[in-house]
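Welcome! Have a look at the model below, and then let us walk through some of its features together.

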Amino acid sequence: MDFDGYAAAFDEVARDFEKAAVQFGLPFEEGEAAPRALRSQAACEHCENGGASLWSGWISPACKACRTGEETATFFASLACTRSCYFCFNPNQEDYEYHRTHVRDMAGELRQAHASGARFRHLAVTGGEPCLHQPEVLDFLRVAKELYPGVHVRMYTSGDGLDDGFLQALAAGGLDEVRFSAKPADGGGFDRAPFDRMAAAVAALPDVMVEMPVVPGTLQDMKGLLRRLDAEGVRGINLLEFCFPLANAEAFASRGFRLRKNPYVIPYNYWYAGGLPVAGSESEGLALLAFAREAGLSLGVHYCSLDNKHTGQIFQQNKLFNLDARFRKAHAWLDFDAADYFLKCAKAFGDDVAPVRAALEGLGVEAERVSLDSDIPSVAFPREFARGVQERVPQAELGIGWNVVEPGSDGAPYVREVALSRLDGASA
């Protein structure tokens, strides 16, 4: 089997995924209108996390922590909510119907986590609508500050139920950040209800943000929103890539939405329940980054792509490679890519295997850093030697294998290859 034959298997997986996705009722765009390569050209101060997180001005420290998921966690009292947004993905959460009507003991869960040795620098309270459970939220906040001095705690809300008394209690309890949602109206503009509460929160809390998806077709309204938030002293806005939650297809189709072509950089079983990205959201998100700079807004603006939501999972799955020396030694042909957190290696196939092996020997690469698979056949080796191999075997077609650590049937971790890309300047 040669490179193309091996790569075809992963291409087939991607095609099968797209065929399955359209069964939920929303088609893909014909061509990728906003390729990810455009992110590197975005008018912003920072392009980070493998290009998945773009921002200017201020960014919440919790957003940076979210990239790896290290020492951060999110809690909710229930999934009951005062709103009914057609794009909400909470119904995708496990045991959604149960959690709509049952209230969890967030403070008790945090105590249990602390007793088990969990360490946290960032904690979040979400929902549903947390303001429906004011005593539980305040109890959680008190316990968080007692168990984890200096911990950063944030809360997500639509603003419904965030009365002055509760807001002052949150401030007294040490809430560090509140994130409001702002829902765009179909006829244009935004629901006015949250704005009064934002103003009150700005006066009471250290950091006030808005977090919302960039709905395609709302660019002009969004520019007005950014100006208004900036004038009212809101610290920043998280612009999320708008997603189809694999439900309410009629509501999306009636608005003319389509799915983004190539929805994932690497097709995989991601935990994040947000759904699939909608075409046009990213291009408008990047346009808003440019607008904020051109308009001289002091408001921090962060475009958080769906790709950015997935990196924490990959980091958590693959961090064993960095933590366990024995596991790392047993897979010495791999390396941990700090840009996107996948485990990667260079690979050659078929007739290229023998000359590539000879080149590796000539380069002095230790045998344990080379992995041979006679069934395919193929040879895998550290990417750091790829250029040297190319110089010695210029006719060889090399690729990059992308890998994740998964638990085996016996519970022991193993490495699974999930993608193959061609070797180029960006992937070597």
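Which residues does isoleucine 237 touch, not counting residues up to four places away in sequence?

## Around isoleucine 237

Isoleucine 237 touches Met209, Val210, Met212, Leu225, Leu226, Leu229, Leu299, Gly300, Val301 and His302, leaving aside residues up to four places away in sequence; contact here means heavy atoms within 4.5 Å. This is a predicted model, in which local features need pLDDT of at least 70 and side-chain atom pairs count only at pLDDT 80 or more, while totals for chains, interfaces and linings use all residues. Residues are numbered from 1 along each chain as its sequence is written, and side-chain values use heavy atoms, with hydrogens and water left out.

The largest nonpolar core has 58 residues, and Leu123, Met155 and Ile237 touch the most other members. A second, separate core of 55 residues includes Val215, Ala249, Tyr264 and Phe385. A nonpolar core is a set of buried Ala, Val, Leu, Ile, Met, Phe, Trp, Tyr and Cys residues joined through side-chain atoms within 4.5 Å. Buried means under 20% relative accessible area, exposed over 50%, and partly exposed in between (1.4 Å probe, protein chains only).

## A covered strand

Now find strand β5, residues 152-157: six of its six residues are buried. Helices (H or I, at least four residues) and strands (E, at least two) are DSSP runs, numbered from the N terminus. In a regular strand the side chains alternate between the two faces of the sheet. On one side of β5 are His152, Arg154 and Tyr156, on the other Val153, Met155 and Thr157, and all are buried.

Strand β4 (residues 122-126) runs parallel to β5, and four bridges join them; two strands pair if DSSP finds at least two bridges between them. Leucine 123 stands opposite valine 153 in β5.

## Salt bridges

How many salt bridges does the structure hold? There are 33, a salt bridge being a side-chain nitrogen of Lys or Arg within 4 Å of a carboxyl oxygen of Asp or Glu. One of them joins arginine 67 and glutamate 48 (2.8 Å, N to O). Arginine 67 lies in the loop between α2 (61-66) and β3 (72-76) and glutamate 48 in strand β1, so this pair ties together parts that are 19 residues apart in sequence. Arginine 67 is buried, at 10% relative accessible area, whereas glutamate 48 is partly exposed, at 23%.

Glutamate 70 and lysine 319 also meet in a salt bridge (3.0 Å, N to O). Glutamate 70 is in the loop between α2 and β3, and lysine 319 in the loop between α11 (306-318) and α12 (320-323), so the two tie together parts that are 249 residues apart in sequence. Lysine 344 and aspartate 340 form another bridge, with their closest N and O atoms 2.7 Å apart, and both residues are buried. There is also a network of salt bridges linking Glu32, Arg36, Arg39, Glu241, Arg260, Glu282 and Asp307.

## A buried charge without a bridge

Glutamate 29 sits in the loop between α1 (3-22) and β1 (46-48). Glutamate 29 is buried yet has no salt bridge, and the nearest side chain of opposite charge, arginine 260, is 5.3 Å away. For charge, Lys and Arg count as positive and Asp and Glu as negative; His and the chain ends are not counted.

## Cysteines

The count of disulfides, pairs of cysteine sulfur atoms within 2.5 Å, is zero. For cysteine 88, the nearest cysteine sulfur is that of cysteine 85, 6.5 Å away.
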